[in-house]
Amino acid sequence: MRKFIIFSLSIVFCVISFSIINEEQARELFSQALSYWYEGDVIKAKSLMDDALSGLIYVSDIPEFWFFTSKIDIDMRAVEKAQEDLKTILVISPGKPEVLSLLKEIDTLLKPLEFSTPAVQQETLQFDGFIKGIEYFYTPNCAGFLENSLVIADKANKRLVRTTEDGYEITKLRTTPSSMAVSPKGELYLSGDGRLLLYDMKTSSEQVLYDGFINPILAGFDRIGRLWGSDVDRVFVYDGKTVKFLSLGDFFIINDIELTPYGFWILDVMSDQLIYYDFSLKKIKSIPAHGAWCFETTILGDPIILTKDFRLSVLRDNTVSDLYRVPDGTVFFEYFYPYLILLNWKSNTVTVKPMKSEEPIIVKVDTLSFENENLKLSVRTESIYGDPIPCLKDFLEVREGGGPVFFNLSVEYSKLQWLKGEKGFFEKTLPFIKRGLAHGVFFENSPENYKETDLVTLRGKNVKIFSRSNPTEFVLLSGGAGMLSSPTEIWQPVYRISFSRTRPLPSDITAVTVQLRLGKELYSDTIYYTRGLIK
């Protein structure tokens, strides 16, 4: 009898000690893991999710559990495992946009980028210069995205027109604007009347940074925060303090200048040539400009020209590929990937159209927090090359628990927190970097001892690689740059989305999804909150 009692107690002890986690306990572990993940403790989050997945899970929760676990695995450099789990999710729940987006991101980052001709899509945002007989702009000669709005320069009227949800905001200038550039910190720079200006639209103040140009044309900002431009036959760089002129060793009449990740193109109208230099001012190549008077570049750095017969064409490998016939009267165009902007003097309109190739756009929801009854998200939208792209509310969707919500969109600017690129960084430091911040890692030389899959982890955690040496494709795809002498102040835009939380909760585990929809293409990311997190 005594032996039987001891045996029975042993069985009870084993059952208690090794009891199976039930569905509700798994949800509680999921909630705890989410909390630790948001706080940056990926090790604890991983441990809790391992426990949750060892037990019973509601069938409806399986895609959420596996998708969240895949995010944790990517944070910990287990990208191949995450990739396999994501493919399995599609077997259980076909067509989930966030899964498809993440898989396409991984696939694209892990193979050499290939050229494909960009396509102009039908979706259109049109801004009219005349509305009900009122003139807002007459000769739009340049435009740019500032925060989540479009700024149009009207040369004839010496004014700036900023689009809003309610219409336009108009600012009168003392300077005749000829070109503009917006910094990664959200500052608006203008050139005109031989000057370089920093313009504050809130106070309508013009700060002259340099006076003495002949015909300054702004190209934009490189990845280490320098503003590039041209002035007739020379190139200049503004580093935030001084303007430095760079001689190209020949005489040109430069009518336009554009940056690429590796260098810059100039349009020499005297020779009808497009000439490419790297950032060390080494001349790389020269190609015919085919009579173009302005140009832009694709995501891979190939020139896009506007021909005299109103055709947009891309120039690559000595071939001319037509992209799109623009409306008659289109005098200038801008291309801020993935948005084409057409400036038409005949119809007095500015039109925005998506234009991109087959490569994915990366959408990342970095953080989720609560403020009273509101949910707040930090979101990044980036090209495959790691450059921030404009986040236009017209193309953005936010869903809570599967249903669309009305949301507010604003922009903040985050300064990179610098880390030292020490030996063993990828193994010892990268997995434990807290998400929700922007980090730059400075290497004296090109980074070593990394896996190609680390690109996926870097992009997921918003960690950019910089070095003193010439940039490798790995460095550029992280969103970083080369030829940086030492860590410096570098900024990037972060989009803040807020909306009123649905009550009662749609479910115990509620998915929050941010989607960028361009034509038939959908790019998205999903994170979660739970009843436990709200409490």
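**Stop 1: Thr 510**

Select Thr 510 and show its contacts. Leaving aside neighbours within four places in sequence, Thr 510 touches Glu 400, Gly 401, Leu 505, Ile 527, Tyr 528 and Tyr 529. Bear in mind throughout that this is a predicted model. Now colour strand β37, residues 509-518; Thr 510 lies in that strand. Is Thr 510 buried or exposed? Its relative accessible area is 0%, so Thr 510 is buried.

**Stop 2: Val 411**

Next, select residues 408-415. This is strand β32, and Val 411 lies in it. Val 411 has 13% relative accessibility and therefore counts as buried. Which residues does Val 411 contact, beyond its neighbours within four places in sequence? They are Glu 147, Asn 148, Pro 493, Val 494 and Tyr 495. Then draw a distance from the C-alpha atom of Val 411 to that of Asp 309. The two residues are 102 apart along the chain, and their C-alpha atoms are separated by 39 Å.

**Stop 3: Tyr 58**

Move to the loop between α3 (42-53) and α4 (62-75), where Tyr 58 is found. Tyr 58 counts as partly exposed because its relative accessibility is 31%. Show its contacts, again skipping neighbours within four places in sequence: Glu 23, Glu 24 and Arg 27. Glu 24 and Tyr 58 are 34 residues apart along the chain, with 8.5 Å between their C-alpha atoms.

**Stop 4: a helix pair**

Two packed helices are described by the angle between their axes and the distance between the axes. Select α6 (residues 97-109) together with α8 (residues 454-461). Their axes lie 9 Å apart, and the packing angle is about 130°. α6 and α8 are therefore oblique to each other. The crossing of α6 past α8 is right-handed.

Now show side chains at the contact. From α6, pick Glu 105, Ile 106 and Leu 109; from α8, pick Leu 455, Val 456 and Arg 459. These two sets meet. By class, the contact of α6 with α8 has four nonpolar residues, two charged and no polar.

**Stop 5: a four-stranded sheet**

The four strands form an open sheet in the order β17-β18-β19-β20, with antiparallel pairing. Which strands stand at the edges? They are β17 (254-259) and β20 (283-288); each has a single partner strand, so one side of each is left without a neighbour in the sheet. On average, neighbouring strands are turned by 20° against each other, direction ignored.

Walk across the sheet, pair by pair:

- **β17 and β18.** β18 covers residues 263-268, and five bridges join the antiparallel pair. Find Ile 254; opposite stands Asp 268 in β18.
- **β18 and β19.** Six bridges hold this antiparallel pairing. Leu 267 has Leu 274 in β19 as its bridge partner. The hairpin has four residues between the strands, and Asp 272 there takes a positive phi near 55°.
- **β19 and β20.** Five bridges join the two, which run antiparallel. Leu 274 stands opposite Ile 287 in β20. This hairpin also places four residues between its strands, and Leu 281 in the turn has a positive phi of about 70°.

**Stop 6: backbone exceptions**

Most residues other than glycine have a negative phi, and most peptide bonds are trans.

First, go to the loop between β23 (311-316) and β24 (319-325), where Asn 318 lies. Asn 318 has a positive phi, near 60°. With a relative accessible area of 73%, Asn 318 is exposed.

Next comes the loop between β28 (362-371) and β29 (374-382), which holds Asn 372. Asn 372 has a positive phi of about 55°. Its relative accessible area is 72%, so Asn 372 is exposed.

What kind of peptide bond joins Tyr 337 and Pro 338? A cis one, with omega about 5°.

Note on methods:
Residues numbered from 1 in each chain as written. Predicted model: local features only at pLDDT ≥ 70, side-chain atom pairs only at ≥ 80, totals over all residues. Heavy atoms only, no water. Pairing = 2+ DSSP bridges. Axes fitted to C-alpha atoms, helices over the stretch in contact; angles between N-to-C directions. Parallel < 35°, antiparallel > 145°, perpendicular 65-115°, else oblique. Left-handed = near helix turned anticlockwise from the far one by under 90°. Contact = heavy atoms within 4.5 Å. Nonpolar A, V, L, I, M, F, W, Y, C, P; charged D, E, K, R; others polar. Buried < 20%, exposed > 50% of the residue type's maximum accessible area, 1.4 Å probe, protein only.
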